[in-house]
Amino acid sequence: MDNIAIQVTDVEKIYKLYDKPSDRLKETLGFGRGKHHTQHHALKGVNLTIRQGECVGIIGTNGSGKSTILKIITGVLNPTRGSVTVNGRISALLELGAGFNNEYNGIENIYLNGTMIGFTEKEIDEKLDSILEFADIGEYVYQPVKTYSSGMFVRLAFAVAINIDPEILIVDEALSVGDVFFQAKCYHKFEEFKEMGKTIVFVSHDLSSISKYCDRVVLLNQGTKLGEGSAKEMIDTYKQVLVGQYTAPEEEQERLVDDEQLRNAAKSRSGAALKLSAGEQEAAEGSSEAVSTHGAEEVSGSGMAENPELLEYGSKKAVITEYQIRDDKGITTSAIIKGNVFTIHMKVKMMEDLQAPIFAFTIKNVRGTEITGTNTMFEKAFLEPVSAGEVYAVDFTQEMNLQGGEYLLSLGVTGYEEDNFTVYHRLYDVLNLTVISDKNTVGFYDMNSRIEVKKFELCQG
């Protein structure tokens with residue numbers, strides 16, 4: 001297709017790992033028998049299509065292959081298998097300043113780096129002023145870069161990479177360089193590129209930025225593409241991966257089939273029990289009960305409109321059995337007037353003894369960006385052991401200061417088991433929350449500013 005900017009087809013990248021340098025030498029020279037290395041599959045048959053004008057995010061845990069695929073796209077690395085086709089001139093914000101010569105001054109490095117990218121001297125002349133203005137390192141640009149601070153070095157490297165007017169921009173965690181003012185300038189330039197319809201591939205651990213900027217997100221894990229879709233969908237899946245709760249679609253289907261077989265078996269036993277003696281029937285019913293209650297009990301809900309596509313997972317050692325939003329009069333509702341007090345309520349049943357469960361809520365916007373939230377550990381509100389069978393009512397009460405609009409509420413029960421973070425039960429985007437407002441300010445929430453304006457009287461005389 002004519003509108004494809006980047007096409008990655010069945011790409012694999014395999015590294016040879018050696019226990020010691022002599023093993024590499026032995027294998028290179030052919031000494032000894034057999035292999036002296038182990039193989040590490042950084043990428044495993046990854047396919048990816050990025051169209052012109054798209055902003056595509058790539059997320060995943062450390063070691064998932066994010067940086068590797070970017071280096072293959074930019075030509076820094078060659079794939080072991082597969083192919084990559086790129087239509088358009090690329091600027092890559094990967095290892096900033098990788099092409100700089102420490103003995104050259106800033107100006108010389110601008111021309112060196114620009115030439116390596118493919119620009120003529122005349123083209124670099126035309127872009128020099130904008131590069132220097134963006135870097136804003138003053139007279140240091142005439143000094144050897146080996147005398148630069150790390151901040152000045154990345155400012156110049158970023159300015160060169162971002163001001164060459166590429167058709168495709170590749171960004172790997174490079175927007176958070178320099179001080180806070182320079183970071184703001186970097187993000188503003190990034191937004192300009194997006195508004196201009198440039199193709200952008202963006203790798204970041206900052207999920208808020210991924211949610212804000214990306215049209216589509218690809219999730220990698222241990223070299224495999226787990227999926228691609230909307231930012232909200234992939235970020236929610238990524239969070240399952242982070243806590244070890246991700247289930248592949250085929251595994252989930254197998255689990256559903258197994259559960260259906262268990263239910264059918266329970267029904268069969270229950271039916272057969274009708275033909276047995278009284279004593280045998282009691283035993284059969286006990287068996288059926290054990291099967292039908294396998295796992296955690298069902299969530300009873302809220303009495304409110306619930307999300308039919310909510311994401312639910314966890315070990316179910318504790319289960320959220322009830323949840324509601326209540327206004328300042330205690331009435332269950334999904335609409336809260338801005339400025340009023342409201343309560344997020346949930347009821348949690350403990351299925352096992354737990355050391356110190358943490359109850360939490362998060363409010364996100366419709367794009368999946370987390371706006372606010374808290375938990376009982378942050379608030380130092382509940383740090384106690386609990387016993388199986390106990391039920392706890394948890395109420396978070398606060399003033400509604402979000403701007404008017406639509407939001408999504410997520411709930412969770414988590415904890416630490418031998419210093420390992422564990423999810424017991426999470427309900428992502430379970431309820432819609434509508435904020436009603438007749439006064440909206442800038443951003444996500446209202447600081448409730450008090451304003452005083454006075455006319456200044458000049459003294460006469």
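Accessible area here comes from the Shrake-Rupley method with a 1.4 Å probe. On that basis, the protein chain exposes about 25400 Å², and carbon and sulfur atoms supply 50% of this area. The model is a predicted one.

## Overall build

The protein chain has 461 residues, and 41% of them are buried. Its secondary structure comes to ten helices and 18 strands.

E5 covers residues 90–93 and pairs with E6 in the parallel sense over four bridges. Here Ala92 has Ile170 of E6 as its bridge partner. On to the next pair: E6 and E7 (residues 199–203) are also parallel, with five bridges. Ile168 stands opposite Thr199 in E7. E7 in turn runs parallel to E3 (residues 55–59), and four bridges join them. In that pair, Cys55 stands opposite Ile200 of E7.

How well is E6 covered? Strand E6 spans residues 168–172, and five of its five residues are buried. Ile168, Ile170 and Asp172 point one way from the strand, while Leu169 and Val171 point the other way. Both sets are buried.

## Helices across the sheet

Just after H2, Gly75 takes a positive phi of about 90°.

E11 covers residues 318–326 and is mostly covered, with eight of its nine residues buried. E11 pairs with E13 (residues 341–350) in the antiparallel sense over eight bridges. Arg326 has Thr343 of E13 as its bridge partner.

## Salt bridges

The structure holds 20 salt bridges. The table gives three of them.

| Residue | Partner | Distance, N to O |
|---|---|---|
| Arg81 | Glu12 | 2.5 Å |
| Asp446 | Lys338 | 3.0 Å |
| Asp446 | Lys439 | 2.7 Å |

Take the Arg81 and Glu12 salt bridge first. Arg81 lies in E4 (residues 81–86) and Glu12 in E1 (residues 4–18), so the pair ties together parts 69 residues apart in sequence. Arg81 counts as partly exposed because its relative accessibility is 46%, between the 20% and 50% cut-offs.

Asp446 has salt bridges with Lys338 and with Lys439. Asp446 and Lys338 meet at 3.0 Å, N to O. This pair links distant parts of the chain: Asp446 sits in the segment after E18 (420–436), Lys338 in the loop between E12 (335–337) and E13, 108 residues apart. Asp446 and Lys338 are both buried.

Are Asp446 and Lys439 buried or partly exposed? Asp446 is buried, because its relative accessible area is 4%, under the 20% cut-off. Lys439 is partly exposed, with a relative accessible area of 43%. Elsewhere, salt bridges that share partners join Glu54, Arg216, Lys225 and Glu228 into one network.

## A nonpolar surface patch

Which residues form a nonpolar patch on the surface? They are Met377, Phe378, Leu383, Tyr416 and Phe421, and together they have about 510 Å² of accessible area.

Phe378 is in the loop between E15 (370–375) and E16 (391–399). Phe378 counts as exposed because its relative accessibility is 56%, over the 50% cut-off. Met377 is placed in the loop between E15 and E16. Met377 is partly exposed, at 32% relative accessibility.

Leaving aside residues up to four places away in sequence, Met377 touches Ile358, Leu383 and Tyr416. The C-alpha atoms of Met377 and Gly415 are separated by 9.5 Å, though these residues are 38 apart along the chain.

Key. Residues numbered from 1 in each chain as written. Predicted model: local features only at pLDDT ≥ 70, side-chain atom pairs only at ≥ 80, totals over all residues. Heavy atoms only, no water. Buried < 20%, exposed > 50% of the residue type's maximum accessible area, 1.4 Å probe, protein only. Helix = DSSP H or I, 4+ residues; strand = E, 2+ residues; numbered from the N terminus. Pairing = 2+ DSSP bridges. Patch = residues over 30% accessible without salt bridge, like charges linked within 9 Å, V, L, I, M, F, W, Y side chains within 5 Å. Salt bridge = Lys/Arg side-chain N within 4 Å of Asp/Glu carboxyl O. Contact = heavy atoms within 4.5 Å.
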